[in-house]
Amino acid sequence: MSESREGGCQCGEVRYRLESAPLALVVCHCTECQRQSGSAFGMSLIVPEQSFKLTAAKPKSFTRMADSGKTVECVFCENCGTRIYHNPAAMPGSVNIKPGTLDDTSWLSPNLHAWTQHRQPWVEVPEDIPSFDMQPGS
Ligand SMILES: [Zn+2]
Ligand SMILES: [Zn+2]
């Protein structure tokens, strides 16, 4: 991926640019991701922090405690509420973009499924990529 990628919230107030290749795309079936997305799972596009640039309005954030016992800063548009990215204290130097906010999502291809113990039964996890019952590495 040489060109930059752009994305933003539903109302267009928050915009960002991704200036380098992402490190990984994780599909997470945990209950927090289901609640946050209001859907069956969440996706996290893990990118180096220095390659992620906000280009329009500064979003709002709140901080919650993750299962790891470390904090996660959750960043969203103040106007429309779209979640833009997460900044977990457990992963210094990277941020997790919510990749459904990218203008072009056609290139996204998950590398890993996490927390499949909470997977909704109709969601099929492909067998050719790694999947974990819980948090990978825990
Ligand atoms: Zn917005
Ligand atoms: Zn999750």
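**Exercise 1. Work out whether aspartate 103 is buried or exposed, then find its salt-bridge partner.**

Let's start with the surface. Aspartate 103 has a relative accessibility of 52%, and the cut-off for exposed is over 50%, so aspartate 103 counts as exposed. Keep in mind that you're looking at a predicted model.

Next, the partner. Aspartate 103 forms a salt bridge with arginine 15, and their closest N and O atoms are 2.7 Å apart. Where do the two sit? Arginine 15 is in strand β2 and aspartate 103 is in the loop between β9 and β10, so the pair links parts of the chain that are 88 residues apart. Arginine 15 itself is partly exposed, at 24%.

Last step: widen the view. Glu6, Arg15 and Asp103 are linked in a network of salt bridges.

**Exercise 2. Find out which parts of the chain the salt bridge between arginine 5 and aspartate 104 ties together.**

First, check the pair: the side chains of arginine 5 and aspartate 104 meet at 3.8 Å, N to O. Then place each one. Arginine 5 belongs to strand β1 (residues 5-8) and aspartate 104 to the loop between β9 and β10, so this bridge ties together parts 99 residues apart in sequence.

Now compare their surroundings. Arginine 5 is buried, with a relative accessible area of 14%, while aspartate 104 is partly exposed at 36%.

**Exercise 3. Arginine 83 is buried: which side chain of opposite charge is nearest, and how far away is it?**

Begin with its place, which is strand β8 (residues 83-88). The nearest side chain of opposite charge is glutamate 32, 7.5 Å away.

What does arginine 83 do instead? Its side chain has a polar contact of 2.7 Å with the side chain of histidine 86.

**Exercise 4. Name the protein donors of the zinc ion (ligand 2) and describe their spacing.**

Look around the ion: the donors are the SG atoms of Cys28, Cys30 and Cys33, lying 2.1 to 2.3 Å from it. Along the sequence, they follow the pattern C-x1-C-x2-C. To finish, check burial: both cysteine 28 and cysteine 33 are buried.

Notes: Residues numbered from 1 in each chain as written. Chains lettered and ligands numbered in written order. Predicted model: local features only at pLDDT ≥ 70, side-chain atom pairs only at ≥ 80, totals over all residues. Heavy atoms only, no water. Helix = DSSP H or I, 4+ residues; strand = E, 2+ residues; numbered from the N terminus. Buried < 20%, exposed > 50% of the residue type's maximum accessible area, 1.4 Å probe, protein only. Lys, Arg positive; Asp, Glu negative; His and termini not counted. Salt bridge = Lys/Arg side-chain N within 4 Å of Asp/Glu carboxyl O. Polar contact = N/O pair within 3.5 Å; in protein donor to acceptor, adjacent residues only side chain to side chain. Donors = N, O, S within 2.8 Å, 3.2 Å for Na, K, Ca; no water.
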